[in-house]
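Keep the structure open as you read.

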Amino acid sequence: MSWINTKAHNRWLENETDRIFEFGRKAVVPTGFGWIGNNGNVRQEMGTQLWITARMIHVYSVAALMGRPGAYELVEHGINALNGPLKDKVNGGWYANIDINSGKVIDPSKQGYQHFFVLLGAASAVTTGHPKAKALLIEAIEIIEKYFWSEKEQMCLESWDETFTKTEDYRGGNANMHAVEAFLIVYDVTKDKKWLDRAIRIASVIIHDVARNNHYRVNEHFDSNWKPILDYNKENPASHFRAYGGTPGHWVEWGRLMLHLRATLLANKMPTPDWLLDDAKNLFAAGVRDAWSVDGAPGFVYSVDWDGKPVVRERIRWVIVEAMGTAYALFDVTKDPQYEEYYQRFWDYCRTYLMDYETGSWWQELDTNNHVSNKVWDGKQDIYHLLHCLVIPRLPLTPGLAPALAAGLLDKNVQ
């Protein structure tokens, strides 16, 4: 029995996509997009966070390209927020967090993770033809080039203070992973090969050099010389963006990104390292080995130590969502039926435990008994990750999400 590339399954994905798009509209606030709580309402106290607003520009660019009425207006709303209250008009770049109503700055720091989502959102918006998107992309590229891409290290820096005068000694794998995601879309939009070269460089360091020699347990915390810091945040293991140990959700997410990168290189007849596919397979296998139903209950544990033992055992939504996308991508490349089987098994889990038909969207976190909890993530935040498991299985691996939709490639392989 096959689901992938069938009319019936894709029709189901289409219906769920519409449900998620409608839920995401609740995030609109005067200064951008807010943090949605478990009850489906915006949590005012969380402010307007840059990463959420930028990701929602990306999401609704996809929705606009899929012909959803009202989506283009939400792209406009997000771009206006980046050009308005979230923008630091003195120092450049964008603030990390502002007050939902007044726009007063709550966190003035300049975070790489968040700026890479600005880059992604701007590049995706360009594919919609929005008249303000190209200027936003040019500005985002300038900020990335000037402050977040290190020519010396050939990697991305983590963060700066408000005035871009002091950067952290810390180097983060999470920010660099999302840089790869954004760089792929920027390449699709600009055709500037340097973005692919940078993506290969980042993947080669974090995955092929470090993770491959650590049983594919991806280290995300490094010092300024790119030496792994193995005990980073050991006293705060459930950190949102810098969890202690390995985060298997990122392992599988890396696997999918590497397959997108590989497909892009092949499609453009560029040299394509064999290790991109080999490492993608091993990253997925490691995520399943260390995290999938390993503690007596179904679901992915959130984090593990360097021996592969669970640390934070809560089940976080985005982890299995990314696992589904990678299972699809691996099946698309290899046609190995094990990936189709995992794809179906993961979807069964999501339908049983995560999908919320009462207050909308999906639960973001479950405890070890698969009951709703909030130890790590309180609320449903945004719908960015959900987009991946709902739309990516209906597209080729290259070009990227929004560019592929703009090219009319949705459901081209349907049987």
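## Helices H2 and H12

This model is predicted. Start with helix H2 (residues 50-65) and helix H12 (residues 384-391), which pack at an angle of about 30 degrees. Their axes are 9 Å apart. Angles under 35 degrees count as roughly parallel, so H2 is roughly parallel to H12. H2 passes H12 in a left-handed crossing.

Which residues make the contact? H2 supplies Arg55, His58, Val59 and Val62. H12 supplies Tyr384, His385, Leu387 and His388. Sorted by class, the contact of H2 with H12 has four nonpolar residues, three polar and one charged.

## How enclosed is H12?

Eight of the eight residues of H12 are buried, so H12 is largely enclosed by the rest of the structure. The buried residues are Tyr384, His385, Leu386, Leu387, His388, Cys389, Leu390 and Val391.

## Helices H2 and H3

H2 also packs with helix H3 (residues 71-83). Here the angle is about 150 degrees, and the axes are 8 Å apart. Angles over 145 degrees count as roughly antiparallel, and H2 and H3 are therefore roughly antiparallel to each other. The crossing of H2 past H3 is left-handed.

On the H2 side, the contact is made by Leu50, Thr53, Ile57, Tyr60, Ser61, Ala63 and Ala64. On the H3 side, Ala71, Tyr72, Leu74, Val75, Gly78, Ile79, Ala81 and Leu82 take part. By class, the contact of H2 with H3 has twelve nonpolar residues, three polar and no charged.

## Helices H7 and H8

Next come helix H7 (residues 194-210) and helix H8 (residues 248-267). Their axes come within 11 Å and cross at roughly 140 degrees. That makes H7 oblique to H8. The crossing of H7 and H8 is left-handed.

H7 contributes Leu196, Ala199, Ile200, Ile202, Ala203, Ile206 and Ile207 to the contact. H8 contributes Trp254, Met258, Leu261, Thr264 and Leu265. The contact of H7 with H8 has eleven nonpolar residues, one polar and no charged.

## Glutamate 158

Now turn to the loops. Glutamate 158 lies between strand S8 (155-156) and strand S9 (159-160). Is glutamate 158 buried or exposed? Its relative accessibility is 8%, so glutamate 158 counts as buried.

A polar atom of the glutamate 158 side chain lies 3.3 Å from the backbone nitrogen of glycine 172. Leaving aside neighbours within four places in sequence, glutamate 158 is in contact with several residues, including Gln111, Tyr113, Phe148, Glu168, Gly172 and Arg242.

## Serine 373

Serine 373 sits in the loop between strand S13 (365-366) and H12. Serine 373 counts as buried because its relative accessibility is 17%.

Which backbone nitrogen does the side chain of serine 373 reach? It is that of aspartate 367, at 3.3 Å. Not counting residues up to four places away in sequence, serine 373 touches Glu314, Glu365, Leu366 and Asp367.

## Alanine 243

Alanine 243 is in the loop between strand S11 (221-222) and H8. With a relative accessible area of 4%, alanine 243 is buried.

Follow the chain between alanine 243 and asparagine 233. These two are ten residues apart in sequence. In space they are 6.5 Å apart, C-alpha to C-alpha. Alanine 243 also touches His221, Pro237 and Tyr302, not counting residues up to four places away in sequence.

## Backbone details

Where is the cis peptide bond? It runs from threonine 398 to proline 399, with omega near 0 degrees. Proline 399 is in the loop between H12 and helix H13 (401-406).

Glutamine 154 is not a glycine, yet its phi is positive, near 55 degrees. Glutamine 154 lies in the loop between strand S7 (149-150) and S8. At 28% relative accessibility, glutamine 154 counts as partly exposed. Phenylalanine 164 is not a glycine either, and its phi is positive at about 55 degrees. Phenylalanine 164 lies in the loop between S9 and strand S10 (171-172). With a relative accessible area of 7%, phenylalanine 164 is buried.

Note on methods: Residues numbered from 1 in each chain as written. Predicted model: local features only at pLDDT ≥ 70, side-chain atom pairs only at ≥ 80, totals over all residues. Heavy atoms only, no water. Helix = DSSP H or I, 4+ residues; strand = E, 2+ residues; numbered from the N terminus. Buried < 20%, exposed > 50% of the residue type's maximum accessible area, 1.4 Å probe, protein only. Polar contact = N/O pair within 3.5 Å; in protein donor to acceptor, adjacent residues only side chain to side chain. Contact = heavy atoms within 4.5 Å. Axes fitted to C-alpha atoms, helices over the stretch in contact; angles between N-to-C directions. Parallel < 35°, antiparallel > 145°, perpendicular 65-115°, else oblique. Left-handed = near helix turned anticlockwise from the far one by under 90°. Nonpolar A, V, L, I, M, F, W, Y, C, P; charged D, E, K, R; others polar.
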